[in-house]
Amino acid sequence: MDFVNNEGVRLHYEIFGEQGPWLALVSGGRRSGAEFVPLARRISALGFRVVLHDRRNTGASQVLIEGERGEEDIWADDWVQLMQHLNAVPAFFGGGSSGARLALLTSSRHSDAVRGLLLLRITGGAFTAGRLPENYYGQFIRAAEQGGMAAVCATPYYQELIAADPSNQDRLMAMDPQQYMAVMRHWLQFFLQGPREPVLGMTIEALQAIRVPTWVVPGNDKTHVSRHGREAAALIPGCELFELPVADEDVPALPFSAWGPHEETLATAMTDFMRRVAHDAH
């Protein structure tokens with residue numbers, strides 16, 4: 001389904017489940033919500049409603065490269081608008097990798113909308129800080145410098161967005177490459193602000209200021225170092241740490257599907273946490 005926010009940007013979303021508390025999940029990187037579909041189905045089967053959506057400029061949602069706020073701030077505001085549209089706030093918010101970071105940011109910007117946080121595969125550390133700016137921004141700025149908007153549209157990432165919504169190509173090709181680069185550099189500057197660990201871009205004070213029930217599962221690769229997940233959980237007041245039986249792997253980043261064998265365990269633990277939070281609120 002689609003929702004048009006108050007800036008006129010169309011966001012693609014899907015709801016799993018027909019009754020129960022609401023959980024909004026966001027995937028990692030610039031990936032669509034599709035990577036969480038198997039987990040969403042498991043959670044909804046246990047009595048919850050799960051909302052997956054594609055953030056603007058990802059998946060099947062609309063591309064709009066503009067905005068004075070940081071891109072993650074924009075995503076957080078869009079996310080809450082979508083959940084308000086569904087009459088689903090306050091809700092549980094969660095995600096994996098950059099989705100976990102976005103859930104933390106959403107809690108800071110819109111505390112009244114957040115009932116609790118479920119954070120998978122926290123990103124942090126020097127390796128992550130060196131790798132992600134290029135993945136998210138650098139490669140696209142360079143494409144625009146070298147070949148204008150045609151080169152941007154030709155990148156594998158934007159080819160996927162155009163395949164999902166052909167109107168994205170017209171919107172991108174209508175942009176002045178200088179304006180595109182200016183916005184992407186502006187967003188990159190926001191992305192580079194703040195600490196590197198335990199959570200990329202989140203100060204220790206911001207983590208200590210979280211006042212909603214929080215549940216953390218550390219990752220197990222070089223982008224999602226398990227130690228940083230444990231350190232973040234120790235800083236968040238009252239946070240519950242849940243560790244999967246997975247060993248740290250010396251690889252840049254494992255796909256979320258690598259946790260496929262543990263999804264039933266994850267779904268059970270996530271719903272158990274949310275039920276306890278809902279029970280304690282009464």
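## Backbone and aromatic features

Asn57 is located in the loop between strand 4 (49-53) and helix 2; helices (H or I, at least four residues) and strands (E, at least two) are DSSP runs, numbered from the N terminus. The model is predicted: local features need pLDDT of at least 70, side-chain atom pairs count only at pLDDT 80 or more, and totals for chains, interfaces and linings use all residues. Residues are numbered from 1 along each chain as its sequence is written, and side-chain values use heavy atoms, with hydrogens and water left out.

**Backbone.** Although Asn57 is not a glycine, its phi is positive, at about 70°. Asn57 counts as buried, at 2% relative accessibility; buried means under 20% relative accessible area, exposed over 50%, and partly exposed in between (1.4 Å probe, protein chains only). Asn87, likewise a residue other than glycine, has a positive phi near 55°. Asn87 is exposed, with 68% relative accessibility, and belongs to the loop between helix 2 and strand 5.

Pro90 is found in the loop between helix 2 (71-85) and strand 5 (91-96). The peptide bond joining Val89 and Pro90 is cis, with omega about 0°. A cis peptide bond also runs from Glu197 to Pro198, where omega is near 0°. Pro198 sits in the loop between helix 7 (177-192) and helix 8 (204-208).

**Aromatic pairs.** The whole structure contains 12 aromatic pairs. Rings of Phe, Tyr and Trp (its six-membered ring) pair if their centres lie within 6.5 Å; planes under 30 degrees apart count as stacked, over 60 as edge-to-face and the rest as tilted. Trp215 and Phe242 form a stacked pair, at 5.4 Å centre to centre and with 25° between the planes. This pair links distant parts of the chain, 27 residues apart: Trp215 is in strand 7 (residues 214-217), and Phe242 is in the loop between strand 8 (240-241) and helix 10 (263-280). Trp215 is buried, with a relative accessible area of 2%, whereas Phe242 is partly exposed at 23% relative accessibility.

Phe256 and Trp259 form a tilted pair, at 6.0 Å centre to centre with 55° between the planes. Both of these residues, Phe256 and Trp259, are buried. One aromatic cluster is formed by Phe140, Tyr157, Tyr158 and Tyr180.

**Charges over rings.** A charge sits over a ring if NZ of Lys or CZ of Arg is within 6 Å of the ring centre and within 35 degrees of the ring normal.

| Residue over the face | Ring | Distance from the ring centre |
|---|---|---|
| Arg55 | Trp75 | 4.6 Å |
| Arg121 | Trp259 | 5.8 Å |

Trp259 thus has Arg121 over its face and is paired with Phe256.
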